[in-house]
Amino acid sequence: MSLGKHLLGTEGLGAEEITLILDTAERMAEISARPLKKVPALRAKLVVNLFFENSTRTRSSFEIAEKRLSADTLNFSASTSSVQKGETLVDTVLNLERMMPDCYVMRHSSPGAHQLILPFTKASVVNAGDGAHEHPTQALLDAFTIRQKKGGFKGLEVLICGDIAHSRVVRSNIHLLKTMGAKVTLCSPATLMPPHMDSLGVKVLHDFDEALAGKDVVMMLRMQLERQQKGLFPSLREYYQTYGLTEERLKRASSDVIVMHPGPINRGVEIASEVADGPYSVILDQVENGVSVRMAVLYLLLGGGEDEASH
Amino acid sequence: MKLLIKNGRLVDPASGTDATLDVLIEDGKFAAVDKSISSRGVEVFDATGMVVAPGFIDMHVHLREPGFERKETIATGLAAALAGGFTGVACMPNTNPVNDCASVTNYILNRAKASSPVAVYPIGSVTQGQKGEDLSPFAELQEAGAAAFSDDGLPVKSSKVMRRALEYAGSLGMVVIDHCEDLDLAHGGSINEGKVSARLGLRGIPAEAEVLMIRRDLTLARMTGQRVHIAHVSTKLGVDVIRVAKKRRVPVTAEATPHHFSLTEDSVASFDSNYKMNPPLRTKEDVDAVIEGLADGTLDAIVTDHAPHAYEEKLVEFDRAPNGIIGLQTAVPLAIDKLVLPDKISLKRLVDAFSCAPARILGLNEKGRVAPGLGADLTIFSLRKETFLRPQDIKSLSKNSPFLNQKIRGAVIAAVIGGIIYPVKE
């Protein structure tokens, strides 16, 4: 079992591949727990973190994962690069290509941007988010966290609530969770729910209280203020009243529910502080697990350095 | 100068002809159509096994010149038209400068005449600079040779301006062509709103954005009694309302493109920007409705919406890529492959949609039929031969087509323009 060369999305990823990544991530978590948090697995591999969109959390998480595996890293962000001078994505990659990278970890605001660069690179490509399309390592770290807390996925009732329309996290989670046998429900006002989401094999609800009933996992999405078109909901106050996850509301869910959030959280918008910081929250576990999962993905894609060692 | 097209299957909807006949052309004009015309002393083109039809006219083409010569020039666009079997094309005014005055129309006509035998029918803009505000000088444009008016690429957003355009163009006997899209509703979309947009996270353009504007135009056409032509209908909703309007004798005509009857939104999953167009590729249900609309005449004409874009312009992120594909060299084969051979439309209807209908809509009284005395324009094609185009076979400056490197059943064999035959080189 191997992962192939790229990780562009969770769509099309099989249960065996997902399990391989999660199992590998557990071994990676052990590395992070050591006093000396570093192994030479990706020594002399060059990983380019190619971020065309702002990101602190995901980029830091990838960078830490790369460093723990001893890869060389180059951080390339659009705000300080030639992209501002009008260079196209393909030209940027053609230039970087001559620096012999082994992997690009790329975030881009356009869905499918990774497909565009594939013909122009010999390196592995990891999708760190493409528009509202996919964010596979987020879904994998979510899965890692769910497995950690729940032991598995079969028959789990998962609710994802919030800004579905602008979320890449939701699509990656739907594909992965369905492949692993969980049942997924989406909830948001219709203005934040693209038509036909049900064609992805999920249940679509608009009443948050109804949607919460009996759920084992509740995943709240960030209300992405910076990406909102005006008029998708009347006010933050009203949003919190209708779709904010409060302690009171959470009582409708299963008694051993876990509450997740890809971060960064907006306290008092999509989630109450008491819930975010409360006993059911696994939000910070997700952050921790992100590093392990990304280490696993990089390790599996880049061959883990074992081949070189055996020469 | 005499040319005899021998033993072809002449399909001429205007005269109701569909039979193996010889066509004699003399001094650029049709001289005789008969069963067996003597070939003595004339140049003979053996059309055995081929279909001979009145010259095809593509009434929706972007030639890009003046202003966007990196994408296409009038010369290269017309070379593609000729290779695609078209004897005439109508070119959209979204050039730079916009074709909103006689000098631009004259420029286009002069360049065309100098570079190709293919007839060019320039379309003037509805509004000055395509800004949607003040009407272009329709009479001046008509005098210079404009064949219709359109702000294509953009709808005429203001209902008041559209009403005035219909009234004013109508009083000159001219038609207004509208690109029907409610821009507010379509805002930010790059593909059809549906299952594929939900899956890919691309913003969608709902079918309703098209039908809302079609409905408005139909209302204004009925109100003014003046003709409106609906460009590139892509939705079942659109086809349905036009069908009803025609039954109620609203003065409306409409067109469809080969990509809208050949491809669905599913193609977009590859994120290949050669599947990005406006209107976007729709669902299977929409494709079926477009085909049905072409079959029953709800949609009068087949047009390419030939939209060349340079290699580097299309080689960008999908949502940032410009809309449109080239189509002149693939339109006729696609219509044969997707419509005629599967028995969705008759051969006669195909010829009508490519020749008679555009001539009728643009008011080209001497085109779209084969009759002694008329200028001899013919399109000769084969239902049996196949087309396989590599990028280097494309005469357009731009190669942005999703139909390259694949077999399409049907092939254009030659075009005759003004009595001169131009075989398609293999």
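Tutor: What follows goes from the domains of one chain to the contact between the two chains.

The model is predicted, and in it the domain assignment of chain B gives domain 1, made of 2–51 + 374–423, and domain 2, which covers 55–362. Taken over C-alpha atoms, the centres of domain 1 of chain B and domain 2 of chain B are separated by 25 Å. Where these domains touch, 31 residues come from domain 1 of chain B and 43 residues from domain 2 of chain B. On the side of domain 1 of chain B that touches domain 2 of chain B, the elements giving two or more residues are the chain B strands β16 (378–388), β17 (407–417) and β18 (420–423), and the largest share of that side, seven residues, is supplied by β17(B).

Turning to the contact between the chains, 21 residues of chain A are in contact with 17 residues of chain B. On the side of chain A that touches chain B, the elements that give two or more residues are the helices α3 (89–97), α4 (113–117) and α6 (168–179) of chain A, and α4(A) gives the most, with three residues. The class make-up of this side of chain A is 10 nonpolar, nine polar and two charged residues.

Technical notes
Residues are numbered from 1 along each chain as its sequence is written. Chains are lettered from A and ligands numbered from 1 in the order in which they are written. This is a predicted model: local features need pLDDT of at least 70, side-chain atom pairs count only at pLDDT 80 or more; totals for chains, interfaces and linings use all residues. Two residues are in contact if their C-beta atoms, placed from the backbone, lie within 7 Å. Helices (H or I, at least four residues) and strands (E, at least two) are DSSP runs, numbered from the N terminus. Ala, Val, Leu, Ile, Met, Phe, Trp, Tyr, Cys and Pro count as nonpolar, Asp, Glu, Lys and Arg as charged, and the others, Gly among them, as polar. Domain bounds come from an automatic or database domain assignment.
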